Amino acid sequence: MPNFHRKLERSAIGFVLAIIGVSAIGGFVEIAPLFTIQETVEKAPDMRVYTPLETAGRNIYIREGCYACHSQMIRTLRDEVERYGPYSLAVESQYDKPMLWGSKRTGPDLARLGGKYSDAWHVAHLVNPRAVVPQSVMPKYGWLMRNELSTADLSLHLAAQRRLGVPYTEAQVANASADAYGQASPDSSYAGGVGERYGAETNVRAFDGEPGRLTEMDALVAYLQVLGRLTDAAHRQTAAKGK
Amino acid sequence: MGFDHQTFVAFAKSWGLFYLIALAIGVLIYAFWPSNRKRFDRAKKSILDKDDRPGD
Amino acid sequence: MVSALTLSERQLAIAVSSLLALCGFAMALAGRDDLLGVHGVIVLLFGVGGIFLVLSKYFEPEPSDERLTRYYDDPTKVGIVLSLAWAVVGMFFGVWVSALLAWPDLTFDAGWASFGRLRPVHTSGVIFGFGGNALIATSLHVLQRTSRARLPDQFSPWFVLIGYNLFCVIAASGYLMGLTQSKEYAEPEWYADLWLVVVWVTYFLIYIRTLQRRKEPHIYVANWYYMAFILVVAVLHIVNNLALPISLGSAKSYTVYSGVQDAMVQWWYGHNAVAFFLTAGFLGMMYYYLPKRAGRPIFSYRLSIISFWGITFMYMWAGSHHLHYTALPQWVQTLGMTFSVVLLVPSWASAGNALATLNGAWHKVRDDATLRFMMVAAVFYGLSTFEGSFMAIRAVNSLSHYTDWTVGHVHAGALGWVAMITFGSIYALVPWMWKVKQIYSPKLVEVHFWLALSGTVIYVFAMWNSGIIQGLMWRTYNDSGTLAYSFIDSLVAMHPYYIARTVGGLFFLIGAIVASYNVWMTIRMARWQAPVHAAEADMPAGAALQPGE
């Protein structure tokens with residue numbers, strides 16, 4: 001043993017291998033089960049993927065660093081369930097690339113935000129949080145209302161996720177830009193396709209209150225309004241336990 | 001080669017522990033092996049020597 | 001810098017810079033409709049800058065073989081300066097974002113200046129900019145001294161140092177433009193990640209090539225830690241950042257992991273980034289500079305070995321304590337908790353080892369602020385590892401998670417341990433590197449010490465208070481069995497602590513500025529004194545042989 005270790009130290013390469021061995025093998029033993037962890041995730045047949053507009057909104061959420069102050073993970077603790085709603089299930093974030101569970105609540109959890117407030121509330125809140133909640137310390141996001149949403153590369157966004165296992169259909173990928181426009185323009189001819197491809201319950205509204213323009217605000221509010229509403233699994237589970 | 005989740009978990013829970021124990025014993029033996037004492041003493045004093053030039 | 005390169009190294013430098021410029025050009029072209037194009041231009045400028053830098057000195061005489069009888073410290077010197085520059089930048093952004101939480105309108109109506117984009121500039125600026133540059137600079141110094149061998153060549157250390165800083169610039173500028181993967185401590189997008197792999201492999205090769213040419217039979221323990229830092233960070237970085245860009249002309253990529261798997265991978269990375277970037281690397285610093293400055297060998301070499309393998313092995317398993325009570329399978333949570341608690345053993349072994357080394361040298365600690373920086377760092381290392389193990393316990397975590405307590409814990413480690421050991425090491429290293437008797441002003445080191453210590457204490461106490469209050473308010477029920485406080489009630493209660501935290505951070509920032517001034521004046525002082533020293537027979541004749549300096 002000591003002789004072995006002495007040789008190990010003499011050759012720097014051996015030492016490198018030892019460090020890799022100890023750390024990586026140790027790490028791998030723990031990490032390996034996680035490569036099959038999707039098997040342990042609950043099934044939710046009713047779950048749908050994010051629409052192109054919601055995907056764009058999610059990317060704005062990431063871009064502005066919202067995850068630094070808002071979690072999207074309700075823990076299995078009584079006070080959290082009472083404050084925010086049914087605790088989060090793994091299946092609810094199965095298409096989230098990356099996940100946005102967060103680790104800090106400077107603001108409240110957003111896992112069940114969808115449908116809690118009106119679109120108009122969200123728009124007013126994002127433009128100036130203190131106009132709606134006087135004590136808020138959230139930044140103002142006025143530029144979301146000013147910036148046109150870029151939809152040109154949304155097909156690429158969906159195609160990349162499709163290659164990584166998110167079940168987008170070819171029709172969804174091909175119509176991504178049109179669907180993004182249609183979801184925020186209920187009166188346009190593009191609106192119908194959104195319901196066809198993503199389900200009748202998909203929100204199709206002028207989220208920013210201006211039907212004529214497709215803004216970043218449209219995308220972000222569309223995303224916020226679908227948080228926790230891609231599947232009913234969490235609500236079903238809570239209801240089943242209540243009985 | 002059908003590795004399902006349960007297999008991985010069982011492997012991690014059992015062999016991971018053996019690996020930890022074996023490694024801990026190995027490190028302790030190495031650290032306390034009597035003939036290593038001299039080299040360790042030399043090593044810990046070596047950095048206090050003159051170090052102006054390579055190979056000193 | 002260039003004049004120390006041999007002719008073939010100068011040619012290599014031009015070739016590599018040209019390749020870099022070409023990459024930048026390709027990025028700028030492919031990403032002309034995307035933010036990728038902006039980064040292409042930055043890369044192009046770095047490449048062109050490199051070419052001009054080398055060409056301007058290309059025809060200067062080559063260095064003589066006499067250089068091989070000396071250590072190669074120029075990259076370390078530049079690394080120290082870069083580290084301090086990033087410290088001031090990163091901490092300035094830290095103070096700014098903390099002020100935004102107390103006064104949210106202290107910003108402009110512009111995306112780049114909002115909290116969410118500034119925050120990663122702070123975290124990456126201090127961790128990668130300040131910490132990373134300090135690690136590279138000190139590791140190259142420690143590596144040569146403990147191996148008693150010169151670096152293998154003159155070009156690759158510059159490639160690592162400049163390439164690494166290019167990564168940092170790409171990262172920070174990207175955040176301001178809104179380019180982020182949103183992965184904690186791994187925000188930069190795919191092309192920056194690929195570049196870092198190239199830089200890191202070169203860094204590793206420098207290390208291994210020097211170690212193989214070492215004159216000492218035994219590899220000194222500080223190098224073990226630096227080595228673990230380099231190796232494991234490489235593994236973590238590659239695994240965590242596997243992603244598919246939506247096109248080669250776009251900065252945006254999607255990670256290959258999703259949902260719960262991504263959560264586990266991210267925190268496996270996140271926690272081990274703390275372990276191997278912010279702990280192992282800086283322990284390497286501590287195991288060299290603390291005994292050296294105290295003039296006493298480390299208390300127990302054996303303990304340092306045991307502690308090394310313990311840390312290397314066990315940290316890998318602890319990441320899941322970031323995901324207690326979440327949708328992660330419970331056995332993984334329990335495993336993470338268990339190993340986090342056991343981790344206290346090797347951590348305290350290191351902290352205790354450092355403090356025991358100072359036994360018999362306490363009078364030096366009293367008189368020498370540089371050594372005191374290192375002593376306080378060891379104390380904070382012990383405190384924050386204890387706190388970390390404590391917070392990893394599920395029941396404690398149910399209170400502390402999502403609150404400012406976590407932020408306080410991170411800063412107890414980052415300010416109290418990482419920054420203090422770095423400043424201590426830099427203060428010890430600067431006079432050696434620039435060959436002066438002592439730092440420009442020991443008094444200013446003293447001033448910096450007290451600013452840093454009081455800043456840390458104010459910061460950490462503010463966050464402990466706010467975190468625990470927050471956690472308790474969220475879970476308090478009134479007599480009728482309903483939640484007693486709304487979320488906004490808890491936010492309002494944080495206001496005074498957020499102000500206190502900003503003050504603490506400001507103290508720390510001022511300390512970093514004082515340190516930068518002190519080091520800068522030392523460098524100027526060294527220039528005035530250089531001819532005097534060159535005349536002295538017992539000093540290595542650095543100044544006379546390096547006309548480029």
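This is a short chat about a predicted model and how two of its chains meet.

Q: What kind of model is this, and how are things numbered?
A: The model is predicted, so local features need pLDDT of at least 70 and side-chain atom pairs count only at pLDDT 80 or more, while totals for chains, interfaces and linings use all residues. Residues are numbered from 1 along each chain as its sequence is written, chains are lettered from A and ligands numbered from 1 in the order in which they are written, and side-chain values use heavy atoms, with hydrogens and water left out.

Q: How many residues of chain C are in contact with chain A?
A: In chain C, 87 residues are in contact with 82 residues of chain A. Contact means heavy atoms within 4.5 Å.

Q: And how much area do they bury?
A: About 7,400 Å² between them, with 66% of it on carbon and sulfur atoms. Buried area is the accessible area (1.4 Å probe) that two parts lose on being put together, summed over both.

Q: Which residues in chain C lose the most area to chain A?
A: Tyr254(C), Tyr402(C) and Phe487(C), which together make up 11% of what that side buries.

Q: How many salt bridges between the two?
A: Five. A salt bridge is a side-chain nitrogen of Lys or Arg within 4 Å of a carboxyl oxygen of Asp or Glu. The side chains of Arg130(A) and Asp105(C) form a salt bridge at 2.9 Å, N to O.

Q: Which helix gives the largest share of the side of chain C that touches chain A?
A: Helix H8 of chain C (residues 259-294), with nine residues. Helices are DSSP runs (H or I, at least four residues), numbered from the N terminus.

Q: What is that side of chain C made of, by class?
A: It has 50 nonpolar, 26 polar and 11 charged residues. Ala, Val, Leu, Ile, Met, Phe, Trp, Tyr, Cys and Pro count as nonpolar, Asp, Glu, Lys and Arg as charged, and the others, Gly among them, as polar.

Q: New topic. How many cavities of 30 Å³ or more are there?
A: The structure holds 12. On a 1 Å grid over the protein atoms alone, a cavity is a set of points where a 1.4 Å probe fits but cannot get out, and lining residues have an atom within 4 Å of a point. Grid points are joined across faces, edges and corners, and a volume is the space filled by probe spheres set on the points.

Q: What volume has the second largest cavity?
A: About 200 Å³. Of its 18 lining residues, the closest to its centre are Gln72(A), Glu92(A), Asp96(A), Ala111(A) and Gly228(A). By class, the lining has nine nonpolar, five polar and four charged residues.

Q: Where is the cis peptide bond?
A: From Lys97(A) to Pro98(A), with omega near -5°. Pro98(A) lies in the loop between H4 and H5 of chain A.

Terms used
Helix = DSSP H or I, 4+ residues; strand = E, 2+ residues; numbered from the N terminus. 1 Å grid on protein atoms, 1.4 Å probe; cavity = no way out; pocket = protein on both sides within 12 Å on 5 of 7 lines; lining within 4 Å.
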